[in-house]
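Thanks, everyone. I have one structure to go through today, and I will keep to what can be read from the coordinates. Please have a look at the screen.

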Amino acid sequence: MEETVKKVRLGAPPQAAPSRGTGVPGWLVPLLPVILLGSTLGAVWIVLRGPVALFGVLVAAVMVLGFGWVLISSMMPAAPADRRCPQCGMEDGLRPAHEDTTRGIRCRSCGFTDETASAWMIAEEDGPLQEVVLRERKDRRNARTERAQTEDEQR
Ligand SMILES: [Zn+2]
């Protein structure tokens, strides 16, 4: 039987970038289930016993939050990509590690490489991504076609 499964080396990447402190703060993580359960119980309480007007007010608040988020996101420009090297600290040091993909970053100063990091934001700032995206899509399509052909040959 022909090998069609891609082999992946297990273990930590050679030089994984340290966490940049984005996402949910660590102290909040254990409280999230309690907050979500409390929200659900509060919603049930409002449906069963609360005033009907409160339900309308909460639905309106959720709608305002959603549309407000879209409005603020479209009005405020996005922050530029963080190009500071986590190893040598050089500002504007990080570049995409490969020209043909948006995966992997490399520092042009010290050579720090992280193959697992996304270079999408950096590559997008450097120029149009259309060629890279079309090349990746074509590679995926070719791999899928080759896989289908080998499966047909095996039958
Ligand atoms: Zn560096």
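I will start with the overall fold, move to the metal site, and then take a few residues one by one.

A word on the source before anything else: this is a predicted model. The chain has 4 helices and 3 strands. In sequence order the pattern is α-α-β-β-β-α-α, with the strands placed between two pairs of helices. The chain is 155 residues long, and 15% of those residues count as buried. The exposed surface comes to about 12700 Å², and 62% of that is supplied by carbon and sulfur atoms. As for contacts between residues at least 6 apart in sequence, 41% of them join residues at least 24 apart.

Now the metal site. Which residues are the protein donors of the zinc ion? They are Cys85, Cys88, Cys107 and Cys110, each through SG, and they lie 2.3 Å from the ion. The spacing of these donor residues in sequence is C-x2-C-x18-C-x2-C. What is the arrangement of the 4 donor atoms around the ion? It is tetrahedral, because the angles they subtend run from 105 to 112°. For reference, the ideal angle for four tetrahedral donors is 109.5 degrees.

Cys85 is buried, at a relative accessible area of 1%, whereas Cys88 is partly exposed, at 39%. Beyond its sequence neighbours within four places, Cys85 is in contact with Met90, Leu94, Cys107, Cys110 and Phe112. Cys107 and Cys110 in that list are also zinc donors.

The largest nonpolar core has 9 residues: Ala81, Cys85, Leu94, Ile105, Cys107, Phe112, Ala117, Ala119 and Ile122. Cys85 and Cys107 therefore belong both to this core and to the set of zinc donors, going by the two lists and the tetrahedral site formed by the 4 donor atoms. As a general remark, nonpolar side chains in soluble globular proteins tend to be buried together.

Next, Arg83. This residue sits in the loop between α2, residues 52-75, and β1, residues 94-96. Is Arg83 buried or exposed? It counts as buried, because its relative accessibility is 10% and the cut-off for buried is under 20%. Its side chain reaches the backbone oxygen of Ile122 at 3.3 Å, and Ile122 is one of the core residues. Leaving out neighbours within four places, the contacts of Arg83 are Met90, Glu91, Asp92, Gly93, Leu94, Arg95, Ile122, Glu125 and Asp126.

Asp92, from that list, deserves a separate note. It lies in the loop between α2 and β1 and is partly exposed, with a relative accessible area of 35%.

Last, Ser118, in strand β3, which covers residues 113-118. Ser118 counts as exposed, at 55% relative accessibility. Setting aside residues up to four places away, it touches Thr102 and Ile105, and Ile105 is a member of the core. The side chain of Ser118 reaches the backbone nitrogen of Trp120 at 3.2 Å. Between the C-alpha atoms of Ser118 and Thr101, which are 17 residues apart along the chain, the separation is 9.6 Å.

That is what I have; I am happy to take questions.

Methods. Residues are numbered from 1 along each chain as its sequence is written. This is a predicted model: local features need pLDDT of at least 70, side-chain atom pairs count only at pLDDT 80 or more; totals for chains, interfaces and linings use all residues. Side-chain values use heavy atoms; hydrogens and water are left out. Buried means under 20% relative accessible area, exposed over 50%, partly exposed in between (1.4 Å probe, protein chains only). Contact means heavy atoms within 4.5 Å. Accessible areas come from the Shrake-Rupley method with a 1.4 Å probe; for residues, only the protein chains shown count as cover. Donors are N, O and S atoms within 2.8 Å of the metal (3.2 Å for Na, K and Ca); water is not among the atoms, so sites may look incomplete. Four donors count as tetrahedral if all angles lie between 85 and 135 degrees; four count as square planar and six as octahedral if opposite donors are over 155 degrees apart and all others between 65 and 115; anything else is irregular. A polar contact is a pair of N or O atoms within 3.5 Å; within protein, one must be able to donate a hydrogen and the other to accept it, and residues adjacent in sequence count only if both atoms are side-chain atoms. A nonpolar core is a set of buried Ala, Val, Leu, Ile, Met, Phe, Trp, Tyr and Cys residues joined through side-chain atoms within 4.5 Å.
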